[in-house]
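Hi,

Here is the structure I promised to pass on.

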Amino acid sequence: MNFYSRKWVRPEDLNANGTLFGGSLLRWIDEEAAIYAIVQLGNHRVVTKFISEVNFEASARQGDLIEMGLVATRFGRTSLTMRAEVRNMITRKTILTIERMVFVNLGEDGAPAPHGYSTITYERDRMPTIQPATE
Ligand SMILES: CC(C)(COP(=O)(O)OP(=O)(O)OC[C@H]1O[C@@H](n2cnc3c(N)ncnc32)[C@H](O)[C@@H]1OP(=O)(O)O)[C@@H](O)C(=O)NCCC(=O)NCCS
């Protein structure tokens, strides 16, 4: 598994317990996974289809530095499945694990479309070369 974005836990990301709010963490990992899917499938049109059990294993506190890791575990016909882990950058203690996050590759009509890939790329060779449409 490779770790990508790092986050600094800030006051606005805390829950009433004074620790990292799970909703903030889920937003960050969903965005990270979407970017991972875009890089792997070479298409901006990817959507979150399914997220399996989310295990918040340990909390994080204000000022902690955390990092988000992803690895593709299955290339389907139109889908990509990943495993996710978030950990403390300093202590390496696991904060969150998600066994399966499934993204679906869409065509221009918004319907699932075959992506044609079966292996992980560690390069940017599949990156879309045009900007996503804004309309
Ligand atoms: C993504 C969407 C277009 C898929 O439609 P669908 O009718 O389920 O499409 P399909 O049945 O053809 O399935 C597409 C792929 O998703 C997989 N899939 C479908 N349901 C799944 C589930 N519950 N769990 C895991 N994978 C699933 C299928 O196995 C298929 O993968 P494959 O082609 O690699 O075998 C549709 O469900 C959708 O628009 N969902 C909303 C997505 C979204 O907006 N996400 C953002 C958060 S709201």
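Let me start with helix H1: its buried residues pack against strand S1 (2-8), S2, S4, S5 and S6. Contact here means C-beta atoms, placed from the backbone, within 7 Å, and helices (H or I, at least four residues) and strands (E, at least two) are DSSP runs numbered from the N terminus. Residues are numbered from 1 along each chain as its sequence is written. Mind that this is a predicted model: local features need pLDDT of at least 70, side-chain atom pairs count only at pLDDT 80 or more, and totals for chains, interfaces and linings use all residues.

The buried residues of H1 are Leu-25, Ile-29, Glu-32, Ala-33, Tyr-36, Ala-37, Gln-40 and Leu-41. They sit on the same side of H1 because they cover an arc of only 150° around the axis (taken from the directions from the helix axis to the C-beta atoms). The face turned away from that side carries Gly-23 and Arg-27, both exposed. Buried means 20 or more other C-beta atoms within 10 Å of a residue's own, exposed 12 or fewer, and partly exposed in between, with C-beta atoms placed from the backbone. After H1 comes Gly-42, with a positive phi near 65°.

Leaving aside neighbours within four places in sequence, Val-86 is in contact with Leu-25, Ile-29, Ile-66, Met-68, Ile-95 and Leu-96.

Now the ligand: among the residues around it are Lys-49, Phe-50, Arg-77 and Pro-112 (C-beta atom, placed from the backbone, within 6 Å). S2 gives the most to this shell, with 4 residues.

Cheers

Technical notes
Two residues are in contact if their C-beta atoms, placed from the backbone, lie within 7 Å.
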